[in-house]
Amino acid sequence: MNFSEILHQWCPLAKGHHLTILTDDPQLTLASEIAQDCSPFMKTVQFRNISKTPLLSASDLPPHETEDLLIVLLSVDTWMSGIHRLLSTFDSPKNWSAFSIMVRLSISRESLLQGILTKKTEIETLIHTLKTQAANKTLRIQNSAGTDLTILTRGFTALPYCCSPQQRHAFLPPSEVYTPLVEGVGEGQIAVDLTAGELRYGPKQIDLLGRCQDPLCIDIRNGQIQGFSGHSFAEILTKEFFSWKENCRLIVELGFGLSNMIPTGLIGVDESILETCHFGFGDNRLYGGNNEAPIHWDVVIQQPFWKIVKEGSSS
């Protein structure tokens, strides 16, 4: 199995057409391997290395037909240098009518290959279960590390992971199915036993954080962080969170990962791993909420199990 799985499983309608890979110097080696694996199934494969030939606007992309495919494979640094103003993570580029795939920024070869080899049926089963059984419910979520948290969900949404006639854009590897949480509702404890995400306040990086070999415990009352304990990360998290406005401490998101990958300590990969779930704190406008905060911080737990406490209305 190789990177041609991108075509076989995640964008089969593009096979036999033209492939363009938009990449940069840091991801060029990986882009070349993807091109080599996919070329037997495409009419042509071409590169655009924007480290050498900058992309000035979305209209600067090559001419295309509706069944062609654009793969965007970039590093975080290139994305933040201005490309994020021209392209979208979860939607096709402006005026792009062909298929498009956005690959997670700065992803390693190993994580990408592991993720795209995930069976689509596993993903579809999880999404169906959450949408039909866990939406608009009061859930109790637990794990063996000590998580025991009750929350109130809204509807579940899966980030786009597979191209189809109705869905022209995908984000790979498959990332998450998530629900915004009802603000101010949440009681219990989260025992973070996988990864604490990078901590940023606005554009400022506070701390990378990372893997939690020992659980990081987060006490939640009335849907808000009351304290941190356990892992050594607790000290800096206490210092920072309790120097910020209270709305930074709101729990606002529950998400479940969709890809079979090995943990890396990087939040973007680890929150996308099957048989994990993550909780988000702070800003929730991306999910349709009204909590405007200068942070959105995620933590990931392993092997969660959930049950319905009662039917709940998020209206």
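Glu 275 is exposed, at 54% relative accessibility. This is a predicted model, and in it phi of Glu 275 is near 65°, a positive value in a residue other than glycine. Glu 275 sits in the loop between α7, residues 267-270, and β18, residues 276-282.

There is another residue of this kind. Asn 222 also has a positive phi, about 50°, although it is not a glycine. Its place is the loop between β15 and β16. Asn 222 is exposed as well, with a relative accessible area of 57%.

The bond from Leu 172 to Pro 173 is cis, with omega near -10°. Pro 173 belongs to the loop between β8, which is 169-172, and β9.

That brings me to β9 and the sheet around it. Seven strands form an open sheet, in the order β7-β9-β17-β18-β19-β11-β14, with antiparallel pairing. The edge strands are β7, 157-158, and β14, 210-211, and each of them pairs on one side only. Between β7 and β9, which run antiparallel, there are two bridges. Ala 158 has Val 177 in β9 as its bridge partner.

Stay in β9 for Thr 179. The strand covers residues 176-180, and Thr 179 is part of it. Is Thr 179 buried or exposed? Thr 179 is at 0% relative accessibility, so it counts as buried. Its side chain has polar partners in the backbone. A polar atom of the Thr 179 side chain lies 2.9 Å from the backbone nitrogen of Arg 154. The side chain of Thr 179 also reaches the backbone oxygen of Gly 155, at 3.2 Å. Leaving aside residues up to four places away in sequence, Thr 179 touches Thr 153, Arg 154, Gly 155 and Phe 156, and also Val 252, Glu 253 and Leu 254.

Next, the other sheet I want to show. An open sheet of six strands has the order β16-β15-β10-β6-β5-β20, and the pairing is antiparallel. Its edge strands, β16 at 224-230 and β20 at 305-311, each pair on one side only. On average, neighbouring strands of this sheet are turned by 30° against each other, direction ignored. Within the sheet, β6, residues 148-152, and β10, residues 187-192, pair in the antiparallel sense over three bridges. Asp 148 stands opposite Gln 189 in β10.

Which helices go with this sheet? Helix α5, residues 120-134, lies across β5, 137-142, and β20, and runs at about 25° to β20. Helix α6, residues 233-241, packs on the sheet and touches β15, 216-221, and β16. The direction of α6 makes about 155° with that of β16.

Trp 10 lies in helix α1 and Tyr 161 in the loop between β7 and β8, so the pair ties together parts that are 151 residues apart in sequence. Both Trp 10 and Tyr 161 are buried.

Now the pair on α6 and β16. The rings of Phe 228 and Phe 241 have their centres 5.5 Å apart and their planes at 45°, so this pair is tilted. Phe 228 is in strand β16 and Phe 241 in helix α6, 13 residues apart. Phe 228 counts as buried at 11% relative accessibility, and Phe 241 counts as buried at 0%. Both belong to one aromatic cluster, together with Tyr 201, Trp 244, Phe 281 and Trp 297.

Tyr 201 takes us to a hairpin. Strand β12, residues 199-201, and strand β13, residues 204-207, pair in the antiparallel sense over three bridges. Leu 199 stands opposite Asp 207 in β13. The hairpin has two residues between the strands, and Gly 202 takes a positive phi near 60° there.

Last, helix α2, residues 28-38. Which of its residues are buried? They are Leu 30, Ala 31, Ile 34, Ala 35, Asp 37 and Cys 38. Seen down the axis of α2, these fall within an arc of 165°, so they line one face of the helix. An α-helix has 3.6 residues a turn, so residues three or four places apart point the same way. On the other side of α2, Thr 29 and Gln 36 are exposed. The buried residues of α2 pack against α1, β1, β2, β3 and α4.

Notes. Residues are numbered from 1 along each chain as its sequence is written. This is a predicted model: local features need pLDDT of at least 70, side-chain atom pairs count only at pLDDT 80 or more; totals for chains, interfaces and linings use all residues. Side-chain values use heavy atoms; hydrogens and water are left out. Helices (H or I, at least four residues) and strands (E, at least two) are DSSP runs, numbered from the N terminus. Buried means under 20% relative accessible area, exposed over 50%, partly exposed in between (1.4 Å probe, protein chains only). A polar contact is a pair of N or O atoms within 3.5 Å; within protein, one must be able to donate a hydrogen and the other to accept it, and residues adjacent in sequence count only if both atoms are side-chain atoms. Contact means heavy atoms within 4.5 Å. Two strands pair if DSSP finds at least two bridges between them. Axes are lines fitted to C-alpha atoms, for helices over the stretch in contact, and angles run from 0 to 180 degrees between N-to-C directions. The arc is that of the directions from the helix axis to the C-beta atoms. Rings of Phe, Tyr and Trp (its six-membered ring) pair if their centres lie within 6.5 Å; planes under 30 degrees apart count as stacked, over 60 as edge-to-face and the rest as tilted.
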